[in-house]
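Q: Could you walk me through one part of this model in detail? I would like to begin with the overall layout and then zoom in.

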Amino acid sequence: MALNLSQKQEVVAELADIAAKAHSLVAAEYAGTTVSQMTAMRKTARETGVYLKVVKNTLASRAVVGTEFEVVKDALTGPLLYAFSLEEPGAAGRLIKEAAKGNDKLQARLVAVEGKLLPAAHVDVLASLPTREQALSMLARVLAEPASMFARVVKAVADQQGGGEAAPAEAAAEA
């Protein structure tokens with residue numbers, strides 16, 4: 001169905017708004033993907049904070065002007081599915097990578113992160129980025145490590161000098 005001028009302007013405005021907020025973009029060739037596969041991808045995209053849209057490349061190239069994704073403007077050829085990560089940078093990469101496992105027709109075409117255009121092979125790198133929760137738990141582990149090391153050193157010194165607090169507790173238990 002052909003869009004009239006006002007509908008095209010709405011699509012460009014919506015896509016430009018999303019591109020301004022997004023962390024990363026993955027564009028994939030989707031020709032040959034079934035309706036049920038696309039529906040499953042859209043459902044997963046909603047759950048993971050990914051904006052998924054099939055748009056004409058001319059509209060997409062107009063929408064990314066003025067955003068960090070302007071670098072992809074000249075690489076947009078053929079039927080493409082656009083996946084913008086809104087909540088965490090790796091979400092779009094994980095979505096496309098997982099969907100491509102069950103669909104040979106879906107192939108990543110380009111990746112854009114922080115104003116850099118990357119080849120399609122970088123989808124794996126993008127997909128391997130930790131989620132927000134994983135990153136926070138890794139940070140907590142790193143922050144807690146010096147305190148636990150200090151506690152181990154204090155315990156080792158106490159054990160070396162007088163048996164530590166475990167010896168009096170054991171002596172009291174034996175009596």
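How many helices and strands does the secondary structure of the chain come to?

A: Happy to! A word on the basis: this is a predicted model, where local features need pLDDT of at least 70 and side-chain atom pairs count only at pLDDT 80 or more, while totals for chains, interfaces and linings use all residues. Residues are numbered from 1 along each chain as its sequence is written, and side-chain values use heavy atoms, leaving out hydrogens and water.

The chain has seven helices and five strands (DSSP runs numbered from the N terminus: H or I of at least four residues for helices, E of at least two for strands). Read from the N terminus, their order is α-β-α-β-α-β-α-β-β-α-α-α. Of the chain's 175 residues, 31% are buried (under 20% relative accessible area, with exposed over 50% and partly exposed in between, using a 1.4 Å probe and protein chains only).

Now to helix 2. Its 14 residues, 35-48, reach 20 Å from the first C-alpha to the last, close to the 20 Å expected at 1.5 Å a residue (the expected span being 1.5 Å times one less than the number of residues). M38, M41 and A45 are its buried residues. Viewed down the helix axis, these fall within an arc of 60°, so they line one face of helix 2 (the arc is taken over directions from the axis to the C-beta atoms). S36, R46 and E47 are exposed, on the face turned away from that buried side. The cover over the buried residues includes strand 2 (50-54), strand 3 and helix 4 (91-101). Just past the helix, G49 adopts a positive phi of about 75°.

The whole structure holds two aromatic pairs (Phe, Tyr or Trp rings, the six-membered one for Trp, with centres within 6.5 Å; planes under 30 degrees apart are stacked, over 60 edge-to-face, the rest tilted). Y51 and F84 make a tilted pair, 6.4 Å centre to centre with 50° between the planes. This pair links Y51 in strand 2 with F84 in strand 3, 33 residues apart. Y51 has a relative accessible area of 14% and is buried, and F84 is buried at 1%. F84 also pairs with F69: the centres are 5.7 Å apart and the planes at 75°, so this pair is edge-to-face. F69 sits in the loop between helix 3 and strand 3, so the pair ties together parts 15 residues apart in sequence. Together, the ring pairs join Y51, F69 and F84 into a cluster.

How values were computed. Contact means heavy atoms within 4.5 Å.
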